[in-house]
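Visitor: Could you take me through one part of this molecule up close? I'd like to see how its pieces sit against each other.

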Amino acid sequence: MAKIGRTCKKQMVKELTQAFKDGQNVFVTDCTGLSVAQLGKLRESLKASKASYTVIKNSLGKLALKKTDANDLAPLLEGTIGIALGGRDLISVSRALFKFSKDTGKLKIKGAMLEGKLVNESEIKQISLLPSKEILLARAFGSMKAPISGFVTVLQGTLSKIVYAVNAIKEKKEKQV
């Protein structure tokens with residue numbers, strides 16, 4: 001196995017520290033037994049949600065965590081660890097990770113730091129079962145629009161009744177003439 005040089009290690013710690021400080025969402029996984037080809041497929045599946053996946057050395061990850069507020073993740077860094085960083089849409093990242101885990105049977109999601117909060121595997125699974133962000137927004141706007149649409153319909157019904165009444169009076173007067 002090739003050794004990693006000191007400058008490379010420093011750069012890795014610096015990048016990890018920056019990712020943790022930036023408040024990026026960090027998913028910690030155990031990637032024991034995954035081949036390079038499978039890791040490539042995982043990275044490809046995460047691209048859609050603008051997340052990246054990196055296999056890290058535990059000691060470097062722990063060094064990076066000590067320099068940030070995300071030190072709660074340190075106990076999760078045991079074994080062969082890979083982290084998914086970033087991704088604006090938590091739902092799509094968690095969904096991609098769980099789908100890949102189900103397909104391969106080798107990836108295990110250990111936990112995550114989402115928006116500054118430590119989250120366990122079962123909570124991540126619940127997040128992955130939610131509808132996408134776009135669907136949630138559409139539902140929210142639809143529920144906000146519903147009362148207004150109902151009000152417009154009621155007003156329209158009232159106005160049409162007035163028009164029918166005026167029209168009936170007009171027809172009655174025309175018959176009298």
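Guide: Let's walk from a sheet of strands to a pair of helices. Keep in mind that this is a predicted model. Start with the open sheet, which has five strands in the order E2-E3-E1-E4-E5, with antiparallel pairing. Strands E2 (51–56) and E5 (117–120) sit at the edges with a single partner strand each, so one side of each has no neighbour in the sheet. On average, neighbouring strands here are turned by 20° against each other, if you ignore direction.

E4 (residues 108–114) and E5 run antiparallel, and four bridges join them. If you want to find one spot in that pairing, look for Ala112, whose bridge partner in E5 is Val119.

Next come the helices. H4 covers residues 90–104 and H5 covers residues 121–128; their axes come within 8 Å and cross at roughly 110°. An angle from 65 to 115 degrees counts as roughly perpendicular, so that's how H4 lies to H5. The crossing of H4 past H5 is left-handed. So who's touching whom? On the H4 side you'll find Leu90, Ile91, Ser94, Arg95 and Phe98, and on the H5 side Glu121, Ile124, Lys125, Ile127 and Ser128. Sort the residues of this H4 and H5 contact by class and you get five nonpolar, two polar and three charged.

Notes. Residues numbered from 1 in each chain as written. Predicted model: local features only at pLDDT ≥ 70, side-chain atom pairs only at ≥ 80, totals over all residues. Heavy atoms only, no water. Axes fitted to C-alpha atoms, helices over the stretch in contact; angles between N-to-C directions. Helix = DSSP H or I, 4+ residues; strand = E, 2+ residues; numbered from the N terminus. Parallel < 35°, antiparallel > 145°, perpendicular 65-115°, else oblique. Left-handed = near helix turned anticlockwise from the far one by under 90°. Contact = heavy atoms within 4.5 Å. Nonpolar A, V, L, I, M, F, W, Y, C, P; charged D, E, K, R; others polar. Pairing = 2+ DSSP bridges.
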